[in-house]
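Colleague: I have just opened this one and would like a short tour, if you have a moment.

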Amino acid sequence: MSGKADPRPAGDGTTSRARLDRGRGALGPALELVHTGRAPTRAVLTAELGVTRATAGAVAAELEALGLIRVDARPGAAAGSQGRPSHRLEVAEEGPVALAAQVHADGFRAALVGLGGRIVATTPSCETVDADPAKVLGAAVDAGAELLRQTGRPCVGAGLAVPSAVTEPEGLALNPLHLAWPVGAPVREIFAERIRAAGLTGPGFVGNDVNLAALAEHRHGAGRGARDLLCVATGHRGVGGALVLDGRLHTGSSGLALEVGHLTVNPEGRPCYCGSRGCLDVEADPLALLTTAGRDPGPEGSLLQQANELIREEFGDPVVRMAAEALIDRLGLGLAGLVNILNPDRIILGGLHRTLLDADPDRLRAVVADRSLWGRSGGVPILACSLDHNSLVGAAELAWQPVLDDPLGALGPV
């Protein structure tokens with residue numbers, strides 16, 4: 001069925017096939033459980049799926065035949081354990097990958113990402129972004145295609161993360177404020193065209209970079225186990241937000257939800273690109289920190305790198321500390337408003353906000369608690385994002401989703 005050698009005993013074909021037919025609807029849920037690390041053994045898989053041990057075994061065997069997971073029949077019993085140890089389940093190390101690309105104000109990067117959110121290979125970060133999105137996306141796809149040629153890995157599809165709200169279903173970059181791209185650039189259409197031009201097969205997907213970071217963190221990082229997860233991050237420019245509700249990314253009716261960068265946190269503050277004043281976007285990003293600290297951005301390294309280094313290396317300087325505290329207070333004010341409206345059970349912070357949290361966690365948590373009813377009564381956990389390149393991993397999650405939904409339909413024979 002998968003076009004690969006069947007690892008099951010020859011004499012057991014009819015029985016195994018019957019079990020698989022009964023459990024075919026469990027293939028996708030089973031793969032997602034292994035993909036997210038929630039089913040490390042066949043015993044856990046059986047319990048999570050609510051099927052018989054024999055059916056779970058047939059499902060795991062089919063996923064292994066598709067080249068997606070590995071079933072270790074001899075994992076060895078843990079010290080002090082009793083009974084026969086369960087087969088261990090892992091994603092296949094040499095299995096297919098998704099091509100992921102990310103564009104931001106200071107450059108772009110491509111990567112190959114396997115199941116489990118594992119980055120297999122990445123290109124160096126390119127530090128120039130052309131005003132023509134077709135040139136940028138073409139270069140990113142070509143770089144990813146070269147990685148595929150070098151590794152020889154099959155590709156299930158491609159995903160792209162951009163620093164803009166992306167409309168649904170059109171796939172337009174509605175507000176690429178920190179890029180020189182035209183408003184409403186048809187990034188999904190351009191991305192799909194560049195994928196075809198590079199000779200790649202599989203679908204192409206596009207999403208907002210912070211949305212995708214939240215998706216990746218929820219499945220593989222600091223957001224695992226949260227039901228209602230709020231993610232706020234500042235990367236190279238501006239501030240973005242995302243919300244995962246009951247395990248699913250909430251993008252609103254047309255893909256534009258959680259534009260948290262345009263919450264007003266300082267009415268007398270800096271003019272914002274959106275036409276307002278004192279938005280989180282311009283009051284709590286890397287440029288705001290450097291400006292508040294009286295530092296001129298240098299030519300070496302991105303704004304994010306410079307801001308992170310300033311806090312990590314010079315937080316003891318009174319001027320730098322005051323600048324960081326000003327950003328923490330504005331960020332906390334914005335987070336408190338979001339907590340009052342959304343009532344999440346966890347907040348995760350990325351980019352410079354992660355560095356600010358690490359530098360002074362008590363101050364940020366105190367601001368949120370003081371300004372938020374739910375923060376005072378419930379103490380919403382505030383954590384740092386834990387994945388490197390989480391927007392790239394999230395872009396790959398978009399490409400992996402059709403496989404997670406229907407492994408046999410996505411990878412099986414036509």
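Modeller: What follows is a short talk through the overall build and then through some helix contacts.

Colleague: What should I know about the model before we start?

Modeller: This is a predicted model, in which local features need pLDDT of at least 70 and side-chain atom pairs count only at pLDDT 80 or more, while totals for chains, interfaces and linings use all residues. Residues are numbered from 1 along each chain as its sequence is written, and side-chain values use heavy atoms, with hydrogens and water left out.

Colleague: How many helices and strands does the protein have?

Modeller: The protein has 16 helices and 12 strands, where helices (H or I, at least four residues) and strands (E, at least two) are DSSP runs numbered from the N terminus. Its radius of gyration, taken over C-alpha atoms, is 23 Å, close to the 22 Å that the globule rule gives for 414 residues, so the protein is as compact as a globular protein of that length. That rule is 2.2 Å times the number of residues to the power 0.38.

Colleague: And what share of the residues count as buried?

Modeller: Of the 414 residues, 51% count as buried, meaning under 20% relative accessible area with a 1.4 Å probe and protein chains only.

Colleague: Switching to helices, at what angle do H11 and H13 cross?

Modeller: The axes of H11 (residues 318–342) and H13 (residues 361–371) cross at roughly 40° and come within 8 Å, the axes being lines fitted to C-alpha atoms over the stretch in contact, with angles from 0 to 180 degrees between N-to-C directions. H11 and H13 are therefore oblique to each other; angles under 35 degrees count as roughly parallel, over 145 as roughly antiparallel, 65 to 115 as roughly perpendicular and the rest as oblique.

Colleague: Which residues of H13 meet H11?

Modeller: Arg 363, Leu 364, Val 367, Val 368 and Arg 371 in H13 meet a set of H11 residues that includes Glu 325, Ile 328 and Leu 335.

Colleague: Is Glu 325 buried or exposed?

Modeller: Glu 325 counts as buried, because its relative accessibility is 18%. Leaving aside residues up to four places away in sequence, Glu 325 touches Asp 360 and Arg 363, contact meaning heavy atoms within 4.5 Å.

Colleague: How do H11 and H12 lie to each other?

Modeller: The axes of H11 and H12 (residues 352–359) come within 10 Å and cross at roughly 110°, and the two helices are therefore roughly perpendicular to each other. Ala 324, Leu 327, Ile 328 and Leu 331 of H11 make the contact with Leu 352, His 353 and Leu 356 of H12.

Terms used:
Buried means under 20% relative accessible area, exposed over 50%, partly exposed in between (1.4 Å probe, protein chains only).
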